Amino acid sequence: MRIDKKQIEEHNSDFQKIHQKRFDFATSEIPNTEAIIQKLIDFNVAIPSWALGTGGTRFARFSGAGEPGTLEQKMEDVAVIHALNNSSGSISLHIPWDIPSNYTEIKNLATHLNLKFDAINSNTFQDQKGQALSYKYGSLQNTNKAIRQQAIQHNIEVIQHGVALGSKALTVWLSDGSCFPGQLNFRKAFQNTLESLQEIYAALPSDWKMFVEYKAFEPNFYSMTVGDWGQSLLYTNKLGPQAFTLVDLGHHLPNANIEQIVALLMMEQKLAGFHFNDSKYGDDDLTVGSIKPYQLFLIFNELVEGMDARGMNHATDLAWMIDASHNIKDPLVDLLQSVEAIMISYAQALLIDRPALNSAQENNDVVAAQEILQSTFRTDVRAIVAEARCRAGGALDPISFYRNNKVRASLIKERGANTVATGL
Ligand code: RM4
Ligand code: MN
Ligand code: MN
């Protein structure tokens with residue numbers, strides 16, 4: 001399924017009049033719209049290969065129809081999203097779910113679809129069919145050296161897959177930890193994990209990064225061996241300059257101040273980037289911005305401030321990825337909504353009157369600081385985001401396009417109703 005450029009043009013001309021009205025209003029209210037539009041055009045958020053099918057809860061999976069059954073089809077789905085929003089030109093693969101059968105063909109397809117390969121993910125949180133040793137009691141932390149070696153080897157193989165495809169980063173998320181007090185010697189588990197990560201780190205090409213993702217709980221419920229940003233930072237500091245801490249928004253304990261974590265990780269030059277999603281209770285993996293849009297804005301406020309303080313390139317110096325799971329919505333629509341929420345927050349953060357905020361902070365003018373942030377958050381930037389998307393060749397209203405042009409129906413016709421994507 002490919003989106004025809006002509007269809008997008010038709011859609012855009014149908015929506016042009018109403019868009020123009022909104023855009024004119026926005027530009028009359030908002031200074032510097034051209035600079036913001038250019039930054040939005042340059043921005044890209046990677047799509048996870050494992051979020052293109054219907055995700056489950058722990059109790060059931062109600063599969064959607066026309067899910068991508070192969071890596072090629074997953075890439076085609078990402079290309080659909082990218083054609084519509086022009087901000088999703090990369091895919092993050094998960095091994096072994098996405099092992100290519102032919103690298104050249106997959107790379108050619110990527111070129112053809114205008115896609116790049118983002119960070120590649122290892123998986124030692126499940127046992128695979130035919131696997132010699134089990135990860136039931138952990139992988140890189142395991143008390144058994146042979147199990148640690150098996151997990152190290154897997155990560156090294158993942159790097160090799162990534163090198164063959166042109167990825168530049170390995171993301172390691174460990175489910176290692178313990179379920180009951182006394183089960184684990186925390187210090188030994190940390191040391192084993194560190195030594196295992198060091199072996200993987202040694203296998204990184206010099207232009208690669210390693211992202212160490214943390215998570216507070218689940219699947220282990222008493223302790224996690226990379227449970228929070230402090231633990232991740234301990235590892236990444238000890239590992240070296242190619243290791244960074246990855247923030248997945250759903251991986252914190254309730255009410256954690258994620259924006260502060262982000263600011264400090266950037267200060268230490270140890271922020272890898274993000275797995276964007278949203279949550280109410282835990283690792284809910286809901287649509288970005290669907291529950292706590294103000295938090296997302298505050299995070300982008302810190303990101304823009306921190307990146308500008310260091311002269312960083314907003315688009316390329318940090319890793320922007322979505323990590324979500326769609327239990328009831330069409331995954332492609334959900335992902336379009338997520339990218340839109342990210343672009344809105346980014347645009348708003350670019351809009352903040354930085355000198356005024358700095359001066360309010362310096363003068364302890366709490367009210368002014370709050371007013372600046374809240375009035376920016378309440379500014380409607382949707383027409384600016386749409387204008388950027390349209391100028392880059394995307395659709396003014398991607399979700400209307402998707403629905404009106406019956407994209408899912410075409411995918412079902414092509415793939416059948418009963419295809420199931422690999423993933424959780
Ligand atoms: C985890 C974590 C990882 C992802 C898996 C599928 O909760 O967020 O990033 O690889 O889920
Ligand atoms: Mn994640
Ligand atoms: Mn997660």
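How do the residues of the shell around ligand 1 divide into nonpolar, polar and charged? In this predicted model, the shell comprises 3 nonpolar, 3 polar and 5 charged residues. Altogether 11 residues surround ligand 1, and the closest are His94, Glu213, Asp248, His251 and Asp323.

**Polar contacts of ligand 1**

- Histidine 94 places a polar side-chain atom 2.7 Å from an oxygen atom of ligand 1, and histidine 275 likewise has a polar side-chain atom that lies 3.2 Å from an oxygen atom of this ligand.
- In the side chain of aspartate 248, an N or O atom is 3.1 Å from an oxygen atom of ligand 1.
- Taken on its own, ligand 1 has 290 Å² of accessible area, of which the protein covers 95%.

**The manganese ion that is ligand 2**

- The protein donors of this manganese ion (ligand 2) are Glu213 through OE, Asp248 through OD, His275 through ND1 and Asp323 through OD, and they lie 2.1 to 2.2 Å from the ion.
- Along the chain, the donors of the manganese ion (ligand 2) follow the spacing E-x34-D-x26-H-x47-D.
- The arrangement around the manganese ion (ligand 2) is octahedral because its 6 donor atoms subtend angles of 72 to 166°; for comparison, the ideal angles for six octahedral donors are 90 or 180 degrees.
- The manganese ion (ligand 2) lies 4.0 Å from the manganese ion (ligand 3).
- Two of the donors of ligand 2, aspartate 248 and histidine 275, link distant parts of the chain, with aspartate 248 in strand β9 (residues 243-248) and histidine 275 in strand β10 (residues 271-276), 27 residues apart.
- Aspartate 248 and histidine 275 are both buried, and each of them also has a side-chain atom in polar contact with ligand 1, at 3.1 Å for aspartate 248 and 3.2 Å for histidine 275.

Terms used: Residues are numbered from 1 along each chain as its sequence is written. Chains are lettered from A and ligands numbered from 1 in the order in which they are written. This is a predicted model: local features need pLDDT of at least 70, side-chain atom pairs count only at pLDDT 80 or more; totals for chains, interfaces and linings use all residues. Side-chain values use heavy atoms; hydrogens and water are left out. A residue is near a molecule or strand if one of its heavy atoms lies within 4 Å of it. A polar contact is a pair of N or O atoms within 3.5 Å; within protein, one must be able to donate a hydrogen and the other to accept it, and residues adjacent in sequence count only if both atoms are side-chain atoms. Accessible areas come from the Shrake-Rupley method with a 1.4 Å probe; for residues, only the protein chains shown count as cover. Ala, Val, Leu, Ile, Met, Phe, Trp, Tyr, Cys and Pro count as nonpolar, Asp, Glu, Lys and Arg as charged, and the others, Gly among them, as polar. Donors are N, O and S atoms within 2.8 Å of the metal (3.2 Å for Na, K and Ca); water is not among the atoms, so sites may look incomplete. Four donors count as tetrahedral if all angles lie between 85 and 135 degrees; four count as square planar and six as octahedral if opposite donors are over 155 degrees apart and all others between 65 and 115; anything else is irregular. Helices (H or I, at least four residues) and strands (E, at least two) are DSSP runs, numbered from the N terminus. Buried means under 20% relative accessible area, exposed over 50%, partly exposed in between (1.4 Å probe, protein chains only).
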